[in-house]
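Let's take a walk through this protein together, one piece at a time. Have the sequence and the 3D view ready.

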Amino acid sequence: MKSVEQTLAGLGIELPPAPQPLGNFAPFLVDGDYLYISGQISSAPTGGIITGKLGQDLDIETGIKAARYCAIGILARAKAALGELDRIEKLIKLGAFVNASPDFGDHPKVVNGASDLMVQVFGPDKANHVRFAVGSPSLPSQAAVEIEAVFRIASKG
């Protein structure tokens, strides 16, 4: 069975250093068998942030790309928290906010960018998760998307 790192490499994804939070909070928290990842904005792995408002400045394809970048940032934070991504037993939940105009209604399509990547990385059984995808009038740094995650993890040793 391939490791998560091998799967990422096969997808052409190299995890960037874990993004630092934009405020006075922890980027991640391990509590028992669970790893909580704070909201990750749509930062490109090479730097820069996908900014703008879906339904106004951005199309759905760009929103999907932004959500995928959020998922890559989530994985980078998970690796920083755990040391190795193979400790992840299951993705439990993604919570997503989409910077959107009032008449935009395709939030779920946008957030599929993150959900689909998680399924590619962990497989359908480990990545079968619950989720919310809601619109927001603005996000930190004018990011297009922000996503949080909860994982169940294996104990060390």
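Start with Leu8, which you'll find in helix 1, the stretch covering residues 4–10. Keep in mind as you look that this is a predicted model. Is Leu8 buried or exposed? Its relative accessible area is 2%, so Leu8 counts as buried, the cut-off for that being under 20%. What does Leu8 touch, once residues up to four places away in sequence are set aside? The answer is Ile13, Leu15, Leu75, Leu85 and Val121. Now try a pair: Leu8 and Phe122 are 114 residues apart in sequence, yet their C-alpha atoms are 9.6 Å apart in space.

Now zoom out to the chain as a whole. Three helices and five strands make up its list of elements, and reading along the sequence gives you the pattern α-β-β-α-β-α-β-β. Picture a box drawn along the principal axes: the C-alpha atoms fill roughly 50 × 35 × 30 Å. How does that fit with a compact globule? For 157 residues, such a globule would have a radius of gyration near 15 Å, and the chain has 15 Å, so the two agree. Of those 157 residues, 45% count as buried. There's also a way to ask how far along the sequence the contacts reach. Take the contacts between residues at least 6 apart in sequence, and 81% of them join residues at least 24 apart.

Next, find helix 2, residues 60–82, and helix 3, residues 107–122. In general, two packed helices are described by the angle between their axes and the distance between the axes. Here, helix 2 and helix 3 pack at an angle of about 45°, and their axes are 7 Å apart. That angle is why the two helices are called oblique to each other. As for the handedness, helix 2 passes helix 3 in a right-handed crossing. On the helix 2 side, the contact is made by Ile60, Gly63, Ile64, Ala67, Arg68, Ala71, Ile72, Ile74 and Leu75. Helix 3 brings Lys109, Val110, Val111, Gly113, Ala114, Leu117, Met118, Gln120, Val121 and Phe122. What kinds of residues are these? The residues of this contact divide into 14 nonpolar, three polar and two charged.

Let's look at one residue from each side of that contact. On helix 2 there's Ile74, which is buried, with a relative accessible area of 0%. Leaving aside neighbours within four places in sequence, Ile74 is in contact with Ile37, Gln40, Leu94, Met118, Ile147, Glu148, Ala149 and Phe151. Ile74 and Asn24 are 50 residues apart in sequence, and 18 Å separates their C-alpha atoms.

Over on helix 3 sits Val110. It's buried too, and its relative accessible area is 0%. Which residues does Val110 touch, not counting those up to four places away in sequence? They are Leu54, Gly63, Ile64, Ala67, Val98, Phe104 and Val145. Val110 is 86 residues from Asn24 in sequence, and from C-alpha to C-alpha the two are 28 Å apart.

Buried or exposed? With a relative accessible area of 52%, Val130 is exposed, since the label applies to anything over 50%. Val130 touches Ile92, Lys93 and Leu94, again not counting residues up to four places away in sequence. Of these, Leu94 is 36 residues from Val130 in sequence and 6.6 Å away in space, C-alpha to C-alpha.

Ser141 has a positive phi of about 60°, although it isn't a glycine. Gln142 is found in the loop between strand 4 and strand 5 as well, and it also has a positive phi of about 60° without being a glycine. How accessible are they? Ser141 counts as partly exposed, at 42% relative accessibility, and Gln142 is partly exposed with a relative accessible area of 47%.

Notes: Residues numbered from 1 in each chain as written. Predicted model: local features only at pLDDT ≥ 70, side-chain atom pairs only at ≥ 80, totals over all residues. Heavy atoms only, no water. Axes fitted to C-alpha atoms, helices over the stretch in contact; angles between N-to-C directions. Helix = DSSP H or I, 4+ residues; strand = E, 2+ residues; numbered from the N terminus. Parallel < 35°, antiparallel > 145°, perpendicular 65-115°, else oblique. Left-handed = near helix turned anticlockwise from the far one by under 90°. Contact = heavy atoms within 4.5 Å. Nonpolar A, V, L, I, M, F, W, Y, C, P; charged D, E, K, R; others polar. Rg over C-alpha atoms; globule rule 2.2 N^0.38 Å. Buried < 20%, exposed > 50% of the residue type's maximum accessible area, 1.4 Å probe, protein only.
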